[in-house]
Amino acid sequence: MFLSSSGGRPADVAAIEALARELAARDLELVYGGAHRGLMGVLADAMLAAGGKVIGVIPRALVELEVAHTRLTELHVVDTMHQRKALMHELADAFVVGPGGYGTIEEAFETLTGIQLGYHAKPIVFLDVEGFWTSMAAFLDHAVVAEVLRPEVRATFRVAPTAGDALDLLAAW
């Protein structure tokens, strides 16, 4: 899961809590960035409360800043953000992208680029809470029209309005 370590909107919190409950109900494990704050913390706490398994991956520098969640099922501490992304990719079978900023977008688009280049075939879906990803989808449509993004590559950017829909899309990939 890629998502913000900032708080987000009330609708984001509700959607992330619903995702955690849905993950736990489907007996799916969560791999995420290992933080206790913001939407990341909401996700981990809700998943643990629902009885789910939560695996965090966090760089040592963030542990030293006391950002790490201390009650996870597993916490992997790595040296760099690059190692974090690599281990998350190794541990995860699929990806959900929640609302987020630069880091979230960077992680998600690296995953999409990996699909485009044939490095992996792990599914990814963007949880479109109250149209959060609508402008990104429009930009990608623009990139297709501008002939800098192939339509079949654009098709890998998939959005879902609810947690259940997101997990169903991943399962059908």
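Which helix gives the most to the lining of the largest pocket? The structure is a predicted model, in which local features need pLDDT of at least 70, side-chain atom pairs count only at pLDDT 80 or more, and totals for chains, interfaces and linings use all residues. Residues are numbered from 1 along each chain as its sequence is written, and side-chain values use heavy atoms, without hydrogens and water.

The largest pocket has a volume of about 380 Å³. A pocket is an open set of points on a 1 Å grid over the protein atoms alone, where a 1.4 Å probe fits, with protein on both sides within 12 Å along at least five of seven lines; lining residues have an atom within 4 Å of a point. The volume is the space filled by probe spheres set on the points. The lining comprises 16 residues, with Leu 23, Leu 28, Glu 29, Asp 93 and Ala 94 nearest the centre. Two or more residues each come from strand 1, strand 4 and helix 8. Helix 8 gives the most, with 3 residues. Helices (H or I, at least four residues) and strands (E, at least two) are DSSP runs, numbered from the N terminus. The lining divides into 13 nonpolar, no polar and 3 charged residues.

Helix 1 spans residues 10–25. Its buried residues (under 20% relative accessible area, 1.4 Å probe, protein chains only) are Asp 12, Ala 15, Ile 16, Leu 19, Ala 20, Leu 23 and Ala 24. Their cover includes strand 1 (30–32) and helix 8 (163–172). Just after helix 1, Asp 27 takes a positive phi of about 60°.

How values were computed: The expected span of a helix is 1.5 Å times one less than its number of residues. Buried means under 20% relative accessible area, exposed over 50%, partly exposed in between (1.4 Å probe, protein chains only). Contact means heavy atoms within 4.5 Å. Ala, Val, Leu, Ile, Met, Phe, Trp, Tyr, Cys and Pro count as nonpolar, Asp, Glu, Lys and Arg as charged, and the others, Gly among them, as polar.
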